[in-house]
Amino acid sequence: MDQQGDSCLGSLVPKLLMAPERKESRKESQMPLPIAIKWILLLLCGLSGTLGCPPPCDCQTLETFGLLVNCSNKGLTTVPSLPKNTRQLYLQNNNLSSIPAGTFDHLNNIYRINVTNNPWHCDCRILYLKHWLEDHFWGILHLTKCASPAITANLSLNLLTGNELEGCHQLLLPDQYWVFLWGDLVLIVLTVLSIILLGALLWVAQKTIYCVTLNQRIQEAYEWQESSLRHQKTK
């Protein structure tokens, strides 16, 4: 019996002694997992940003969020398909002449763009870029210049008026068309009111001059009458 008990104890002792070591080894193996997962997620985010980079542009993942997409000096004639998380976009020094409507509509988080030094053809197709820059990046309008046609050469986008873009209203979206329509109506009303006000001021000025002149003549007539009466009395 004693030998059997010793043998049982002998078999249990190693198990009891090994059990804590196994727990510790499990803890040690589990400790780096959160850090590893974090690095994997960061790597995946970086890869997703890199995979979304349109060729032949160069992209860089920003520290906060999104991508810096550098398409400058690439000889582009069309704008490539841009990732939705683009926050900085550089398209300067290319051969872009126009941009299709809706090209930038999905870039909801963009806060910096450069489209200068391109041979922009400023006909009706430039309206989308002009309106989009007016809504998002007004400051770059005066730096973005037309290359053609001759009537708009070297003219900044902010200086384009109806004279250069005549006949482009049919290419506008319905809401943009109404904006321009109401703008024209407001200008017409203001012009009419200005003409009416100017006419009223001229009428008041003429009446004032007439009244002043009439009073002067009446005063002169009264003075002449008084002088004539005095002259008669002296005789």
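**Confidence, sheet and core of a predicted model**

The mean pLDDT of the protein chain is 78, and 71% of its residues reach 70 or more. Residues 1-31 have pLDDT below 50, with zero contacts in the model beyond near neighbours in sequence.

The model is predicted, so local features need pLDDT of at least 70 and side-chain atom pairs count only at pLDDT 80 or more, while totals for chains, interfaces and linings use all residues. Residues are numbered from 1 along each chain as its sequence is written, and side-chain values use heavy atoms, leaving out hydrogens and water.

The model contains an open sheet of four strands with mixed pairing. Its order is S1-S2-S3-S4. Strands (E, at least two residues) and helices (H or I, at least four) are DSSP runs, numbered from the N terminus. Two strands pair if DSSP finds at least two bridges between them. Strand S1 (58-61) and strand S4 (112-114) stand at the edges, each with a single partner strand, so one side of each is left without a neighbour in the sheet. From one strand to the next, the twist averages 20 degrees. Such angles run from 0 to 180 degrees between N-to-C directions, with axes as lines fitted to C-alpha atoms, for helices over the stretch in contact.

S2 and strand S3 (residues 86-90) run parallel and are joined by four bridges. Leu 67 stands opposite Thr 86 in S3. Asn 70 stands opposite Tyr 90 in S3. S3 and S4 also run parallel, with three bridges between them. Here Leu 89 stands opposite Ile 113 in S4. Five of the five residues of S3 are buried. Buried means under 20% relative accessible area, exposed over 50%, and partly exposed in between (1.4 Å probe, protein chains only).

The largest nonpolar core has 34 residues. H3 gives the most, with five residues. Such a core is a set of buried Ala, Val, Leu, Ile, Met, Phe, Trp, Tyr and Cys residues joined through side-chain atoms within 4.5 Å. Among the residues with the most contacts inside the core are Leu 89, Ile 113 and Phe 104. Not counting residues up to four places away in sequence, Phe 104 touches Leu 89, Ile 113 and Trp 132, among others.

Key: Contact = heavy atoms within 4.5 Å. pLDDT = per-residue confidence, 0-100.
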